[in-house]
Every structure is written in C-alpha cells, then in structure tokens.
Amino acid sequence: MNDKHFNSKIDSILYKISRYLEILFAVIILLVIIASVISLVESIFQSSFLHPGDTPFNDFLSNALTLVVGVEFVKMLCQHTSETVLEVLMLATARQMVVEHLNTTQTLIGVAAIAALFATRKYLLLKPEAPASADTSGQEKNI
C-alpha cells in the first residue's frame with residue numbers, strides 16, 4: 001500500500017513538472033512570436049509591395065501565417081483540448097496551401113484534409129452541454 005502511495009506521489013510530481021515546463025515553453029514561444037511580430041511590422045515599411053513580382057508579399061504572408069500558427073500552438077500547449085489541436089492542424093494546412101504554390105493534386109489533398117478536419121470537429125468532438133436558455137419572463141414555455 002505504501003508503494004502505491006509513493007508511486008502516485010512521484011506521478012503527481014512528474015506531471016506538475018511537465019506541466020510547468022509546457023507553460024515555460026509556451027511563454028518562450030510567445031516571446032519569440034512577439035519579437036517576430038515587431039520585425040514583421042518593420043518589414044512592412046522597409047519593403048515595397050507595389051513593385052512588380054510577388055516575392056515581398058509572399059514572404060510577408062508566409063511569416064504572418066507562421067506566427068498565427070505559432071499563436072495557435074501556444075493555445076494548444078495551454079488548453080490541452082482536441083479542439084485546439086484541430087485548429088492548429090487546420091491553420092497549418094491552410095498556411096501551407098496559401099503560401100506554397102501547390103500543384104492541383106496537392107491543393108486537392110489539402111482541401112480534402114481541411115474538410116476532414118472540419119468534419120472531425122463537427123461530428124466527432126464531444127460538445128460541452130449548452131446552458132438551458134433562460135426565459136426573460138421567468139416562466140417556462142408550454143409547447
């Protein structure tokens with residue numbers, strides 16, 4: 001019995017340490033994202049999007065969408081829900097499709113992947129119970 005208590009205590013300590021490390025990593029990633037946002041805003045004023053060729057805009061879009069995926073990843077580290085995992089996967093797939101100029105087959109696979117992720121979110125995730133709607137008059141409706 002004492003051995004079970006000891007193992008349970010070790011499990012609890014290891015879980016807490018891993019949770020704090022996740023939070024530390026999330027904070028570090030968030031700080032890097034904030035620094036990258038500042039750099040991204042500076043790049044808007046340094047490069048001209050009006051010149052022919054789409055390279056500056058594609059670079060900007062790639063960096064901006066990477067930061068969005070990073071923010072979602074931080075949310076995933078903090079919340080631990082299947083909803084946030086699906087959001088990260090959807091955004092990462094969409095970013096890849098927008099930034100990279102994929103061929104038709106790759107684009108079709110990306111669209112199918114995003115559709116599958118949306119279907120998973122809609123039909124397979126357990127939804128929290130919605131609170132009962134309150135009638136403003138305080139009386140229940142008889143139907």
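This is a predicted model: local features need pLDDT of at least 70, side-chain atom pairs count only at pLDDT 80 or more; totals for chains, interfaces and linings use all residues.
Student: Why is Thr-84 called buried?

Tutor: Buried means under 20% relative accessible area, exposed over 50%, and partly exposed in between (1.4 Å probe, protein chains only). Thr-84 has a relative accessible area of 2%, so Thr-84 is buried. Thr-84 lies in helix α3, where helices are DSSP runs of H or I with at least four residues, numbered from the N terminus.

Student: Which residues does Thr-84 contact, leaving aside neighbours within four places in sequence?

Tutor: They are Lys-75, Met-76 and Gln-79, contact being heavy atoms within 4.5 Å.

Student: What polar atom of the backbone lies 2.8 Å from the side chain of Thr-84?

Tutor: The backbone oxygen of Thr-81 lies 2.8 Å from a polar atom of that side chain. A polar contact is a pair of N or O atoms within 3.5 Å; within protein, one must be able to donate a hydrogen and the other to accept it, and residues adjacent in sequence count only if both atoms are side-chain atoms.

Student: What makes Ser-62 buried?

Tutor: Ser-62 has a relative accessible area of 15%, so Ser-62 counts as buried. Ser-62 is found in helix α2 and, leaving aside neighbours within four places in sequence, is in contact with Arg-95 and Val-99.

Student: What makes Glu-87 and Lys-75 a salt bridge?

Tutor: A salt bridge needs a side-chain nitrogen of Lys or Arg within 4 Å of a carboxyl oxygen of Asp or Glu. For Glu-87 and Lys-75 the N to O value is 3.9 Å, and the two side chains meet in a salt bridge. The pair links distant parts of the chain, with Glu-87 in helix α3 and Lys-75 in helix α2, 12 residues apart. Glu-87, at 21%, is partly exposed, and Lys-75, at 33%, counts as partly exposed.

Student: How many salt bridges are there by this rule?

Tutor: The count comes to 4. One of them joins Arg-19 and Glu-22, with the closest N and O atoms 3.0 Å apart. Arg-19 and Glu-22 are 3 residues apart in helix α1, so about one helical turn separates them.

Student: Where do Glu-83 and Arg-121, which form a salt bridge, lie?

Tutor: Their closest N and O atoms are 3.5 Å apart. Glu-83 lies in helix α3 and Arg-121 in helix α4, so the pair ties together parts that are 38 residues apart in sequence.

Student: How do you know that the span of α4 is close to the expected one?

Tutor: The expected span is 1.5 Å times one less than the number of residues. Helix α4 (residues 104–124) has 21 residues and reaches 29 Å from its first C-alpha to its last, close to the expected 30 Å.

Student: Why are the buried residues of α4 said to be on the same side?

Tutor: The buried residues are Gly-110, Ile-114 and Leu-117. They cover an arc of only 55 degrees around the axis, which puts them on the same side of α4; the arc is that of the directions from the helix axis to the C-beta atoms. What covers them includes α3 (82–99).

Definitions and conventions
Residues are numbered from 1 along each chain as its sequence is written. Side-chain values use heavy atoms; hydrogens and water are left out. Helices (H or I, at least four residues) and strands (E, at least two) are DSSP runs, numbered from the N terminus.
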